[in-house]
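Student: Could you take me through how to read a structure of this kind, feature by feature? I would like the general idea before each case.

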Amino acid sequence: MTTDITRIEPGAVVRPGNPPARRRTARMPTHWLGVAPFFLFAIMFLILPTGYLVVGAFQNPQGGLTLANIAALWEPTIRAAYWISIKVSFASAVLGALAGLAIAIAIVRGGLPGWVRGATLTFSGVASNFAGIPLAFAFLATLGRLGLVTILLKDVFGFNLYATGFNILSFWGLTLTYLYFQIPLMVVIITPAFDGLKKEWGEAAATLGATQWQYWRMVVIPVLWPSFLGTVILLFANAFGAIATAYALTGSSLNIVPILLYAQIRGDVLHNPHLGYAIAFGMIFITGMANVFYIWFRTRSERWLK
Amino acid sequence: MKRGKFWAWLTFALGAAYFIIPLLATMEFAMRMRRGTYSFDAFAVVFGDPRFQATFMYSVVAAIFTILLGVLIVVPTAYWIRLRMPQIRPVIEFITLLPLVIPAIVIVFGYIRMYGSNSPLPFLGSARGTDALLVIGYATLALPYMYRAVDTGLRTIDVRTLTEAAQILGAGWTRIITRVILPNVLIAVLSGAFLTFAIVIGEFTIASLLNRPAFGPYLQNIGANRAYEPAALAVITFVITWGCMTVIQLLARFAPKSANRPN
């Protein structure tokens, strides 16, 4: 039996089936249209430019595939630059995290008056954003050869800071300067994590007869460990990519990776554009690896928490 | 307990000393310009410098465009994710965090190689195009902060109900976002905006590598050539940063409270 479709009223069959059909065909794309500008922006100005450098790192000037650029990163000057960068970033991240943690514990748990906490958090918000060139100026005015602290130490205490081998343009000088934005960043991030510790946990631990030390070791540290570690890695990446402070502080006398890359972009000092790509790739690789470690640690500690 | 309090005060005092001494030292250094006496000469010289005014204004305008671009990209996206596509939130969050992983110098290096004057999209072929690329670069830098600020704001309002109400009243998507959602998250957007401003105003790497006459490269130039003016500029920049953060704190007081905010 055949149906003559021309004799069926259009609405009778089509109308009930129509809305779902329309939803399936027309709605999925409009769904994605809403986030299209974001993805377009991210792909054009974040992912593609980075990808371009990563691909370039594995190519020779003729466009062929090569590992020579990556191997060239082991040249003494480049390797030394990476090593200093990693040392400064690591030292400033770990010291900054510990100091920031101590300050956070002091203002959250230390029984200090309320205004101390408010003032510390406000100031930390400011100081964590006070980086770049002005920070270098501030530290030159403080610990430079004519800086206030250097002069006071010499005139009042008879202590010649620069005679001890200290130099603001050195590894420790740069680390000390970076701490000025690293510590506040830690305070800003870790204080809310402390607030997340529920009072009931402390009470429950006390009810079960836990000592203060046991409470810290078995409750506080496991809960805060992922945020702490995550922040350390954030601080590391923060210092690793920073160039302005170091550049204004030391000119190009301290050979860290971002300054080397800066010089390479400006004037191809390495005489090989693809080596520049390799240095950029190396920077992404190191900050990327740091984040992989972070995720790995976090999943481990979360599993352990269950 | 008493002993704990002592250690808390000691930690706080040490921290305060580390953070306040450089500020005092910078101020003192800036005031040393006239021999034998303290004066504000260095500040007068800085404010009177036409290059200071020009570069500062340039950076202010760049910051304003950065904020506009950031809002334009982030607000509709964050809204749409909350409303329709919560399943791709992890992807979006991952992308917004990328600028914290990829250093700014690497991003701008990519721009220089990709958007040169011989490329299909020759941003760097003209001064205006380079300005645009600078603003785009800044918007990328500010993306993590802007996204987080807006997303926190959206968390405090009922996006779905507001949208449905607006739709029933016949509003289109543009109108919903500009007239319903944006005013509701305005405070969050503004705090993101001031943070963006603080980041952009003294930014050095991108501006310098794109050869733009911005405030950051000017700071670097003064630092390399003058003695007392850099300290004065550091004080001025600190005051600007402090101003931005104070505004954010004040805004937070007006923000609607949610379960996710302590206090």
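The dialogue below goes from confidence to fold, annotation, interface and core.

Tutor: This is a predicted model, in which local features need pLDDT of at least 70 and side-chain atom pairs count only at pLDDT 80 or more, while totals for chains, interfaces and linings use all residues. Residues are numbered from 1 along each chain as its sequence is written, and chains are lettered from A and ligands numbered from 1 in the order in which they are written.

Student: What is the mean pLDDT of chain B, and where does pLDDT stay under 50?

Tutor: pLDDT is the predictor's confidence in each residue, from 0 to 100. Chain B has a mean of 88, with 95% of its residues at 70 or more, but residues 259–263 of chain B stay under 50. For the model as a whole, the scores are ipTM 0.86 and pTM 0.85.

Student: How many helices and strands does chain B have?

Tutor: Helices (H or I, at least four residues) and strands (E, at least two) are DSSP runs, numbered from the N terminus. Chain B has 12 helices and 0 strands, and its C-alpha atoms fill a box of roughly 75 × 70 × 30 Å along the principal axes.

Student: Which residues of chain B does UniProt list as "transmembrane region"?

Tutor: UniProt positions are given here in the numbering of this model, with feature names shortened, and annotations may be inferred rather than shown by experiment. The unreviewed entry lists residues 7–25, 56–79, 91–112, 132–150, 185–210 and 230–252 of chain B. Of these, residues 132–150 of chain B are 100% helix and 0% strand, with end C-alpha atoms 23 Å apart, whereas residues 185–210 of chain B are 81% helix and 0% strand, with end C-alpha atoms 34 Å apart.

Student: How many residues of chain A are in contact with chain B?

Tutor: Two residues are in contact if their C-beta atoms, placed from the backbone, lie within 7 Å. By that criterion, 62 residues of chain A are in contact with 64 residues of chain B. On the chain A side, helix H2 (residues 36–57) of chain A supplies the largest share, 11 residues.

Student: Why does Leu23(B) count as partly exposed?

Tutor: A residue is buried if 20 or more other C-beta atoms, placed from the backbone, lie within 10 Å of its own, exposed if 12 or fewer, and partly exposed in between. Leu23(B) is partly exposed because it has 18 C-beta neighbours inside 10 Å. This residue belongs to helix H1 (residues 2–30) of chain B and, leaving aside neighbours within four places in sequence, is in contact with Ala138(A) and Phe238(B).

Student: Which residues have the most contacts inside the largest nonpolar core?

Tutor: A nonpolar core is a set of buried Ala, Val, Leu, Ile, Met, Phe, Trp, Tyr and Cys residues joined through C-beta atoms within 7 Å. The largest one has 170 residues, and those with the most contacts inside it are Phe137(A), Ala280(A), Val150(B) and Ala231(B). Helix H6 (residues 127–155) of chain B gives the most to this core, with 15 residues. Beyond four places in sequence, Phe137(A) has contacts that include Ala248(A), Thr26(B) and Ala231(B).

Student: How many residues of helix H6 (residues 133–143) of chain A are buried?

Tutor: That helix of chain A is mostly covered, with 11 of its 11 residues buried; among them are Phe137(A) and Ala138(A). In chain B, buried residues make up 46% of the 263 residues.
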